[in-house]
Structure formats: C-alpha cells, structure tokens
Amino acid sequence: MKIVVGHLYPDYLNIYADRGNIAVLSRRAAWRGHELEVHSVSVGDPFRPGEHDLLYVGGGQDREQALVAQDLVAKAAGVQESVAAGAAVLAVCGGYQLLGRSYRDLHGSDLPGIGVFPFDTVAGETRMIGDVLLECELEPGLRRTLTGFENHAGRTRLDPGAQPLGRVVAGFGNDGESGWEGCRVGRALGTYLHGPLLPRNPWLADWLLAQALAHRHGEAPELEPLADELETEAHAVSAKRAETRGGRRR
Amino acid sequence: MSVPIPLVAEIAFARAAGRLSRLARTGGGTTVPGKLLWKLDPGAIDRLAARLPLGSAVISATNGKTTTAAMAAEILRERFRLAHNSSGANLVSGIASTLIDARAAELGLFEVDEAALPEVLSRVKPKAVCLGNLFRDQLDRYGELEHVAERWRSAVRALPGDAALAVNGDDPQVGALAQERPNTLVFGVDDPSAARPSLQHAADSKYCVRCGAPYDYHAAYVGHLGDYRCPACGHSRPPLNVVAREIELNGLESVSFRLVTPSGTSVVRLHVPGLYNVYNALAAASLTLNLGAQLDEIVAGIESFNAAFGRFERIRVGDRGLLMLLIKNPAGANEAVRTIVEGGAPAVAVIALNDAIADGRDVSWIWDVDFEPLIPGLTRLVATGDRAAELALRFKYGGLDARAIDVLPSLEAALDRGLELTPPRGELVVLPTYTAMLALRRIVGDRGFVRPYWESAA
C-alpha cells in the first residue's frame, strides 16, 4: 500500500540528521511491501491539504528557522486542515517549536508558529543539552520508552490539559522543570528528541507508519514484526547514556 | 589572597606534572602542564607567548587545522625554531603546554580549536592568523555555526593592527571576514573540473550571509566551499589572491595542482590525497606567505609533508597495513569516504564511533555523512566503539544487509576481526572518531607497530 510523506523544508531544517528518520520510515515500509513516497514541500511550494499521510518537520539552526517561519505561516491553514483530517505528524526540535503557537528568542522578538500544538516557547539563557530517556503511553496500557538527544534553548510550556509525548525519566524535556517532554494531538507528535529519533526507537517508526496507513486506507493495519536486534542494542546503549549523563536525572 | 609565584617556578612545577602523567600512562601528558599553569595563573600564557622573539601564527578551522599546521611547520622549520602544538592539543591549555616545552623557540605555530579561538587570539596576540572553514561540528559542544561565526567576527575585529590575516574565500562565512581588514590574503580553488555535480547534503552555509537567499554555486568543491554568488543581493566570493588551478587527483596516492600566488606560480605535488588537502595546502601557503616565506620554500615544504597523525595515516601491522582516516563531522567524513572510494572501494572496513566529549556526545552527525558510496563494495563492515550499534544502524538503513555487519564495541576485538578479514599484504581501512583513533593507535603501539603520538609528534 502507498504512503505519502510530506517532508517540510528538508533543505532548511535538517540540522540533526533528519534524513535518518526518513530513511527508517522508508525502509521499514518497504520491508513490509508498502511503498513510501517522500515529497519535499519547501519555501514557496504550494501545500495541498489531504495530499500527505504523514508530515515530517525537522530541526534547524535559529537562522534557518527564521527563514522558513513566514512561509510556514502561509501554509498554516492547510497544515491544520491536514492534521484535523487525521494526517500523522512527526515534528522534531525546531520543527516542533514552529508547530506550537509562538517562539520568543533571547532578544525578545517573536517568531510566529502555526498552532498545531497548544504551547508557547520562550528561549532561555542556557541550552539544555544531553541524552534523554522518556516513558510513553501512546496506546492505553502499553508503556514503551524513547531515547534520544536534546539540544535546545527553548523552554516549551504546554497549556493546562495538553497531552505530552512522554514523561521524562532522564534529561531536561520540554522546559527542564515540568517533567514532560514533547506534545501529542491525535496522530500528531512533536518532540525535542533527535539522535535521530527513529533508528533507535523503531516501535515509534512503526506507530507512525500505522497511523499514516490508517489515514490513507481508513484503518491501521497490523505491521509484521521485523528483526530489530541492532535497534534494540542501540536503544539500550542510548538509554544507559541518558541514565548516566542525561541533563536532569530524577 | 594568593601568594605570587614566579613564572619560572610555575613552569617547572607544570613540567614535572606532565612527566608524571606520562609515567602514569594516563595520557600523552601533552596538556597536563598547560592545564596546571592555566589554573595557577591564566596570564602566564600571555607572558610566555610574548617571550617568543618572532611572535606567533595561529590556524583555526573546523576541518584541516592539524594538517594545515603540519604543512606550515614543514615550510617554516628550515628557517625557524618552532613552538608547535603538533599533537593536536588545541585548547588554551594545549597551547600553554607547548609554550612551556618550547624552550628556545623563535616562532609559535598553533592550531586552535574554533571555540577557543577568541581567547587564544586575545592572549597570544599573533603576527599572522589563518582561518580555514566552518562546518557543522559537534553541536552539543560548539553550538550553532552562526554563533561560532559571530565570535570569530568579533575576534578578528579585535586583532592587533599589525596582524596579517588569511581566509578561505570559498567559505561564505569565513570569506566575509576579509572585509574586516584590508590586505587580507584570500585563498580558494578555481577549477570547475574538480567540482562536485551538486551541493552535498552536509553543505551548511547555503544561504547568503547578507540577505538569506540561497546561493547559486558556479562550482561546489568540498561541502559548501566553492564559487558562490547570491542571485538576490549579489554577494559573491571575494577575489582570490592565492589560488589552486589545474587540480589532478591521483587516487589514494597524491594530488597535484598549480599554485598561483602574488609572488609567483608553481606546480605542487602533494603526497596525500584529496581535494580537501588542496585547501589545507592553500591555507598553509597563505599563512606562510604572510610570514615572509618564499614560494620555493612553500612548495618544498608542502611537497615534503606526509600525513598528520591519524589523518590518512598508514601503519604496518605485521604483514598487513592499516589506513587510518579520522572522521569527526559530516563534511570531513564525506571527504574521507570520497578519497577512499576514489582509491578503490574497500571490501572490508572498520568504522569506530565513540561518544566522549572530544568525539561529540551527540552521534546524530553520522546520519548526515554520505557513507552510501562505500556500501556497494562492502562485503563486511566491522562496527566498533561505544556506539557501535548506532553506527551499524546507519549502514543498515543506508542499504547494507545487516548480516554483513559485525557489531564489536571493543576496539581491540574489532581491529583483530578487521585484520583477520584482510589478506596478507592487504590494507585495512579504518575510520575512527577522535578518541577511538587515539585508542587504536595505542593498541597498535602496544603491539610495537607505532610510536605513541607524544613521541612521534616531537
């Protein structure tokens, strides 16, 4: 079955090896006989709501993030319409911030976001850098862990009642204080975790693929398991790193 | 209140500590004296540098600073006694250690870490400065590229009036520094036949430093280094004074080019491969021109250069050989991969990924490296180092069959496995990150095949 991924601003937002996440989605789809097409949607390109089953937005440096922010605002209605219609989203780091309502930098100037996620972000004096371990429950009763690396000055504060992606076991998370990391709205996920995120957390890649398939075909299929020994080992090493040297340990 | 200690006593104490570190084998001891001196009296470094009768020359860049400094040392060593931090200890403490050891030196020659550059420039007050390139590198440690570039701009503005600057005009961020000072030497490559067909994935400064529009590249050579022009505002590569033309790449053996300078032109044959080494040679030539070197000295020096340790280093291990190329960031690793593949893609490779502070704790950069050209030729990959499994995943998702990958976190086990897979008289390609490179050299050193770096660097 076909899955169409819209990769937003791949030429601007790619600082934390975002193409690794795309490679994992492509291969894991192909290994199950699905065909994953990746369409680049960049500055000046039209955005057609409903065309994509999964939207991916990566991380950028401040300069690149500012360069795309205005263009993204022009696409805001289309992206919101897609998300409301059940397209899956993975937004990482800078892309995560841009999908919130706003980002205020250290000089106090505001970069607009597009409000897919209910939060605002304010840059702090110090960067929060290090390995992270999260505990997530995307499906009720099914607890799984995510590991990654964070490097952000932004403090992201979720609105009351907003759903985070996970609970911080080790690391800083959204703001270094709340104990929460990332944000979830339906099939849309945002996070500070790169690494890239998906190679060492293949269950999340499969969850996103299932959501994307559900968007296109109406119901999430059961994806057959793959041999994930290397992924499991990389996850374990990364989780240990977070426990021994993550930013803030609980 | 601290009691003032005479500089002589501080130095004697710091030197003794370095000898102890070497005896204890905790390291080369190359930075121990400097770290101590730095703790005792930070201003001592300024005074030590001021004692050098001919002053100092400083080199910084994301990639190539160790090699550039080694080439410059070859050019200068006939004429001057040098204080040179050749083992790559390039933070303030490493430079302090070199100054402590350099008893009778006339001229300081220092490669300097990009983040440490502003502090080193303000303390050492160099006569000549050469700035090579800025690529994304260890974002967990250096922060964003733009931030490093901004600190460089301030540091260049604060240089003493008589300091001679040389910059790489092919790097938009670095080339723009030429505007800060008249008489800056600007070096670059002018040979579109050696260009890449398109900008690589790891190209960083793709957007105009003035207006933010994407540059048009007439030629892209290494990462974002090339002949660029902004179609929106017209910002373009500055005019070049020191230029490489007619480049000929000869596999793993050598590269030759025509070196064009304000004081003449000459064909140069480098005994190390790769276009990136042409940039290193241009940087060394520009720096030493600013120090008064003659063209024939420059050519002789560059041609006598072999390899800086761990950077394209060949080591015999019994009846087999190791070819070691340090990898530390996407742009540098891309050039290592490109060079190796041009010399004939290997069937076996050992790739070592560590994540200590000196390697970068964030290993995501391996996903920005174009390792793909290696994959069709590989029958076996030995993935090693503390993050061996992550590296294995990079190749698995790059298209290498997972069954063709051995994951052996122990460097020693991985080296043995690689050698076992290498036929007699064959050469094993090893691509290690920084701390893995040091550890691998120690392992082969313990087997009697290579001298420790603090001896061979001397």
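Biologist: Where is A:Pro221 found?
Modeller: A:Pro221 is in the loop between α4 (202-217) and α5 of chain A. Helices here are DSSP runs of H or I with at least four residues, strands are DSSP runs of E with at least two, and both are numbered from the N terminus.

Biologist: And what kind of model are we looking at?
Modeller: This is a predicted model, where local features need pLDDT of at least 70, side-chain atom pairs count only at pLDDT 80 or more, and totals for chains, interfaces and linings use all residues. Residues are numbered from 1 along each chain as its sequence is written, while chains are lettered from A and ligands numbered from 1 in the order in which they are written.

Biologist: Which residues does A:Pro221 touch?
Modeller: Leaving out residues up to four places away in sequence, A:Pro221 touches A:Ala210 and A:Leu213. A contact needs the two C-beta atoms, placed from the backbone, to lie within 7 Å.

Biologist: What about A:Cys93, buried or exposed?
Modeller: A:Cys93 is buried, because 28 other C-beta atoms lie within 10 Å. You'll find A:Cys93 in the loop between β4 (88-92) and α3 (94-98) of chain A.

Biologist: Which residues is A:Cys93 in contact with?
Modeller: Beyond its neighbours within four places in sequence, A:Cys93 is in contact with A:Tyr16, A:Gly59, A:His152, A:Tyr192 and A:His194. By contrast, A:Trp203 is 110 residues along the chain from A:Cys93, with 20 Å between their C-alpha atoms.

Biologist: Zooming out, what does chain A come to in secondary structure?
Modeller: Chain A has 5 helices and 12 strands. Its C-alpha atoms fill a box of roughly 50 × 45 × 30 Å along the principal axes. Of its 250 residues, 53% count as buried.

Biologist: How does the radius of gyration of chain A fit a compact globule?
Modeller: It agrees: a compact globule of 250 residues would have a radius of gyration near 18 Å, and chain A has 17 Å. That radius is taken over C-alpha atoms, and the globule rule is 2.2 Å times the number of residues to the power 0.38.

Biologist: And chain B, how many helices and strands?
Modeller: Chain B has 16 helices and 17 strands. Its radius of gyration is 22 Å, close to the 23 Å from the globule rule for 458 residues, so chain B is as compact as a globular protein of that length. Buried residues make up 55% of those 458.

Biologist: How is chain B divided into domains?
Modeller: Into domain 1 (42-304) and domain 2 (311-456), with bounds that come from an automatic or database domain assignment. The C-alpha centres of these two domains of chain B lie 27 Å apart. In the contact, 24 residues of domain 1 of chain B meet 20 residues of domain 2 of chain B.

Biologist: Which helix gives the most to the domain 1 side?
Modeller: That's α7(B), with 3 residues on the side of domain 1 of chain B that touches domain 2 of chain B.

Biologist: New topic: how do α2(B) and α5(B) cross?
Modeller: The axes of α2 (residues 32-40) and α5 (residues 92-101) of chain B come within 7 Å and cross at roughly 105 degrees. That makes α2(B) roughly perpendicular to α5(B). Axes are lines fitted to C-alpha atoms, for helices over the stretch in contact, and angles run from 0 to 180 degrees between N-to-C directions. Angles under 35 degrees count as roughly parallel, over 145 as roughly antiparallel, 65 to 115 as roughly perpendicular and the rest as oblique.

Biologist: Why is α5(B) largely enclosed?
Modeller: Because 9 of the 10 residues of α5(B) are buried, the rest of the structure largely encloses α5(B). Among the buried ones are B:Val92, B:Ile95 and B:Leu99.

Biologist: Last one: how many residues of chain A are in contact with chain B?
Modeller: 25 residues of chain A, and they meet 23 residues of chain B. On the chain A side, α1 (18-30), α2 (62-84), β8 (142-158) and α5 (229-245) are the elements that give two or more residues.

Note on methods: A residue is buried if 20 or more other C-beta atoms lie within 10 Å of its own, exposed if 12 or fewer, and partly exposed in between; C-beta atoms are placed from the backbone.
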